[in-house]
Amino acid sequence: MVNYILRRIAVLVVLLFFITIIVFVLIQLPPGDYVTVHVMELQAAGQNVQEADIIAFKQLYGLDKTLHEQYFIWMRNIFIRGDFGMSFTFYGQGKSVADLLAERVPLTAAISLLSTLFVYGMAVPIAIYSATHQYSPFDYFWTLVGFIGLATPSFLLALIIMWIAFSKFNITVIGLFSEEFVNAPWTVAKLNDFLKHVWIPVTIIGLSGTAGTIRSLRATLLDELNRQYVITARSKGLSELKLLFKYPVRVAINPTISTIGWMLPTIISGEVLVSMVMNIPTTGPLLLQALLQQDMYLAGSILLILSALTVIGTLLSDILLAWWDPRIRYD
Amino acid sequence: MKALRTMLIAFIVLATVTSCSSPTPTPVVEVQIQKETVVITEKEEVVVEVTPTPVPPPDAWKPGMPFGEAPMLSNLVEAGSLPPAEERLPKIPCVGAKNIPSEWITPELGNYGGILRMADWLPGSWGLDVTWIYMEPWIHTAGIKFDSSKLAGNVMESFEVTPDGKDFTFHMREGMKWSDGEPLTTEDIRFWYEDVLLNERITPSVPAAYRSAQSPTGNPMKLEIVDEYTFTISFDEPYGGFLALLASDQSPTPLPSHFLKQFHPDYTPLEKLEPLIAENGFEPGEWWRLFGLMNNTIRDPGKYSRPNLSPWIVESVTTQAFKLVRNPYYFKIDAWGNQLPYIDYIEANILGNAEAALLKATAGEVDLGARMASTSNLPVLKLYEEKNGYRVMPYKMHALLAELYVNLTNSDPIWRQVVNDIRFRQALSYAIDRQQVIDAVYLGFAQLPSTIPLNEYNPDKANQLLDEMGLDKRDADGYRLGPDGKRFVIPIETLAVEMGDEPATAELAAKFWEAVGLKVTINAMERSLFGNTANANESHVITWRAHYPRWPWVSTLKGYAGFEAYKTYAPLWWDWIQTNGAEGEQPPEEYIEIQDMLVELWGTPDPARQQELWTNIKKIVTDNVWMIPTAEGTPYAVVVNANLGNLPETLDAYGLEVIAAAEMLYYK
């Protein structure tokens with residue numbers, strides 16, 4: 001087991017190194033750089049930017065250095081100081097990539113964790129009940145809801161809910177805080193305000209996940225319920241509830257556990273579309289903007305962290321599964 | 001929200017189709033309803049020739065009289081943490097916002113207090129509207145268009161120009177202070193000039209704006225400090241347009257030398273700066289990056305707060321919102337001697353996208369905002385106006401967003417051959433029914449183009465010109481064939497996500513050109529890709545800006561001469577002029593002529609000569625059909641809280657200027 005984990009970690013380090021290079025090169029691929037985009041923005045806003053300013057901007061952002069110098073500085077600062085560098089977009093505000101992540105990641109993680117709790121809290125009981133009561137009205141109802149949940153893109157759902165909230169109740173359900181709390185430090189009142197806002201995006205983001213989990217858990221559980229070992233256990237007089245949770249549920253939940261590690265990057269990345277539509281300050285829209293604006297250290301750092309988490313998440317998943325399911329071998 | 005907008009767009013398109021498919025355009029009932037919900041008051045054409053002198057109120061403030069101040073400041077003064085108003089304001093403060101002409105509004109006495117909520121979606125910024133509020137140019141011209149007869153001091157108290165247009169003497173306001181209470185003097189001007197403008201690390205080369213007659217090859221300005229409050233800027237050639245520069249958003253801002261000297265190696269040894277340089281993630285010795293960071297006006301105040309001259313200063317910053325608080329040392333007063341601004345705070349929300357800002361505005365959660373009030377959003381904004389306590393004011397726009405520019409130097413030889421025939425461009429112009437553009441894209445709030453007066457709609461003439469020039473053969477689908485015998489296709493490059501005028505205009509243009517047998521494709525692009533395409537000479541026909549009311553007085557916004565933030569109609573000609581013939585391609589005589597006239601226009605101090613040159617430039621552009629205008633005088637709606645006072649009621653006011661004068665606004 002230990003050997004297995006060590007081997008996986010060694011591969012992981014090499015993989016991450018290649019990821020940094022790929023990420024850096026990919027972000028540089030589009031023509032121009034951040035200064036090009038920034039100058040266009042300034043000019044389109046009617047501001048006076050001349051050739052001389054462009055050179056000054058390049059010096060200011062360190063874009064006058066060669067590509068490999070830029071890569072080297074970025075990597076060195078990450079390894080030596082844990083400094084992910086500066087964000088060009090938010091340079092004016094004096095915010096580094098680390099500051100931005102510190103602002104966004106906790107909120108993103110809160111939303112992701114809450115929606116994961118929502119997904120499992122809703123999906124597991126419903127799926128078990130549906131499987132054990134197959135073709136009952138309850139099962140049909142949740143099948144219908146499940147299909148709607150799967151078929152409706154969550155951003156569309158977000159739009160519909162925003163529209164209903166606005167036109168019927170005259171409230172704007174955008175953002176995570178009321179205006180007076182946006183820049184305020186955390187207090188009980190701010191937490192209260194956060195909880196008042198957060199349930200809508202959590203429900204919307206969680207809905208498709210819930211639907212998916214219900215369907216897959218129900219299907220695997222149905223397969224298990226008619227197995228020999230279940231019949232044997234029942235014939236031995238085991239209580240129905242104990243039987244269910246001790247054997248078939250444990251087997252049926254396997255696919256869910258093996259994908260739990262994939263959650264790790266999604267907890268940080270946040271849901272992009274819903275966040276964009278509902279104006280939720282997660283890292284998703286931040287990454288999208290960074291890519292559009294060629295804000296390379298910000299985009300690169302987020303991508304790097306996400307890749308690292310994906311790789312680590314897969315590792316964790318494997319370890320978790322190995323512990324959960326004694327049938328797994330370590331080769 | 002999206003659904004409603006889509007419906008509206010579908011509806012407008014439908015209305016357009018209906019109105020043009022019927023031979024005699026009968027008034028379509030729905031269209032009328034649409035318009036009625038939008039129209040606020042009938043506009044009147046007011047031509048103002050003389051500047052009426054504003055009548056001061058009988059109890060007006062005169063030098064020597066005491067100042068009024070906001071309660072939040074007088075509390076601080078009483079507590080002893082702030083000096084009294086007499087010590088904070090200059091001896092002669094600026095009275096009112098000088099960019100607002102008296103024909104627009106006579107300001108009323110306002111109340112202090114309140115929060116101004118604003119919204120934008122440009123990441124990393126505090127929003128374009130706040131940018132305009134923040135700006136304090138050296139001098140002001142009343143109204144949006146530069147007019148040398150309507151100038152007044154702003155940051156500078158007054159100025160004199162020698163008749164040859166070479167020497168400009170400025171008198172600063174004695175006793176004027178930075179937002180940290182330090183005095184603003186000629187030392188700040190000297191620092192800006194000697195230690196920043198002439199420092200090659202910070203300013204690699206002096207921008208053309210500070211060279212004689214704005215010529216890239218002209219000699220840089222010279223600065224002479226007369227005393228603590230007087231200085232002279234001189235050029236070796238006449239530079240009459242320098243005042244236009246100073247009266248606009250391009251005006252330099254004095255730099256807080258007492259603050260910035262801490263980060264400049266001429267004043268603070270580099271060794272002392274190194275820890276700070278490293279702390280901010282720069283490489284050793286890169287002091288200019290630290291300097292740039294510290295000089296940024298929108299920075300999170302934190303440890304090093306940069307002093308400003310603006311009406312509000314930054315209190316806190318996150319990626320989602322800026323909170324700004326009144327500058328206790330702001331140098332303007334109202335006519336009664338009360339220090340401006342009236343409103344205590346600005347809360348600028350930076351949202352994820354334009355739709356979120358629109359939703360906020362319709363819910364009445366935006367007190368002042370123009371960015372979300374694009375023409376296509378007007379109907380939905382009007383819908384909730386009364387219910388949610390705001391007003392939509394369709395003021396005038398400082399630019400037209402979607403004029404058509406045909407690329408004359410695209411590398412495709414067939415394209416070049418066709419579009420360089422003037423008959424082709426004339427045909428494109430004649431084929432466009434501009435009244436329909438005005439009705440469909442601008443909901444009727446616009447006029448026919450008059451600056452570049454190409455506004456005749458005559459499809460027969462267009463067909464005739466196209467036939468004459470040899471595009472008379474057509475393929476099986478009825479499209480004209482190019483000189484190579486293949487179908488001639490006009491790709492229009494437009495912007496996907498902008499104010500909405502661009503794709504709508506492109507679609508209408510496509511419809512009109514298809515009607516005369518030309519195949520058109522539309523390519524809606526993301527902004528930076530669009531800009532790269534235009535600048536790389538890869539565009540064909542672009543929809544792009546024309547800042548008519550500000551022409552010709554913005555040096556980077558002159559689409560008529562080939563460059564309006566991006567290269568417009570002949571990128572290679574533009575390059576040729578910019579590089580003195582080293583790059584690009586030799587332009588025709590007329591083009592070189594307008595570039596020469598532009599240099600003279602910026603140079604001459606004589607307003608009559610300036611006018612004459614501008615008339616000639618416009619004539620050459622019009623005669624050559626170098627751009628195809630579609631409309632003029634479009635609206636720039638501003639969403640305002642219904643309780644805000646001191647807003648011009650006349651719709652002849654320019655929205656941008658109204659926003660820039662936010663220090664005058666107050667809650668009734």
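**Salt bridges and burial in a predicted model**

Modeller: Let's start with a network of salt bridges that links E187(B), R190(B), E194(B), D195(B) and K261(B). This is a predicted model, where local features need pLDDT of at least 70 and side-chain atom pairs count only at pLDDT 80 or more, while totals for chains, interfaces and linings use all residues; side-chain values use heavy atoms, with hydrogens and water left out. Residues are numbered from 1 along each chain as its sequence is written, and chains are lettered from A and ligands numbered from 1 in the order in which they are written.

Biologist: What makes a pair a salt bridge?

Modeller: A side-chain nitrogen of Lys or Arg has to be within 4 Å of a carboxyl oxygen of Asp or Glu. Over all chains, the structure holds 37 salt bridges. For E286(B) and K65(A), the closest N and O atoms are 2.4 Å apart, so that pair is a salt bridge under the 4 Å limit.

Biologist: What does the pair of E286(B) and K65(A) join?

Modeller: Two chains: E286(B) is in the loop between α9 (270-279) and α10 (287-294) of chain B, and K65(A) is in the loop between α3 (51-61) and α4 (67-81) of chain A. Helices here are DSSP runs of H or I with at least four residues, strands are E runs of at least two, and both are numbered from the N terminus.

Biologist: How do you know whether K332(B) is buried or exposed?

Modeller: Buried means under 20% relative accessible area, exposed means over 50%, and partly exposed is in between (1.4 Å probe, protein chains only). K332(B) has a relative accessible area of 1%, so K332(B) is buried. E663(B) also has 1%, so E663(B) is buried. Their side chains meet in a salt bridge at 2.8 Å, N to O.

Biologist: How many residues apart are K332(B) and E663(B)?

Modeller: They're 331 residues apart, with K332(B) in strand β11 (residues 332-333) and E663(B) in the loop between α22 (655-660) and β24 (666-667) of chain B.

Biologist: Why do R609(B) and E612(B) sit about one helical turn apart?

Modeller: Because they are three residues apart in helix α21 (residues 607-624) of chain B. R609(B) has a relative accessible area of 25%, so R609(B) is partly exposed. E612(B), at 43%, is partly exposed too.

Biologist: What share of the residues in chain A is buried?

Modeller: Buried residues make up 51% of the 331 residues in chain A. The secondary structure of chain A comes to 16 helices and zero strands.
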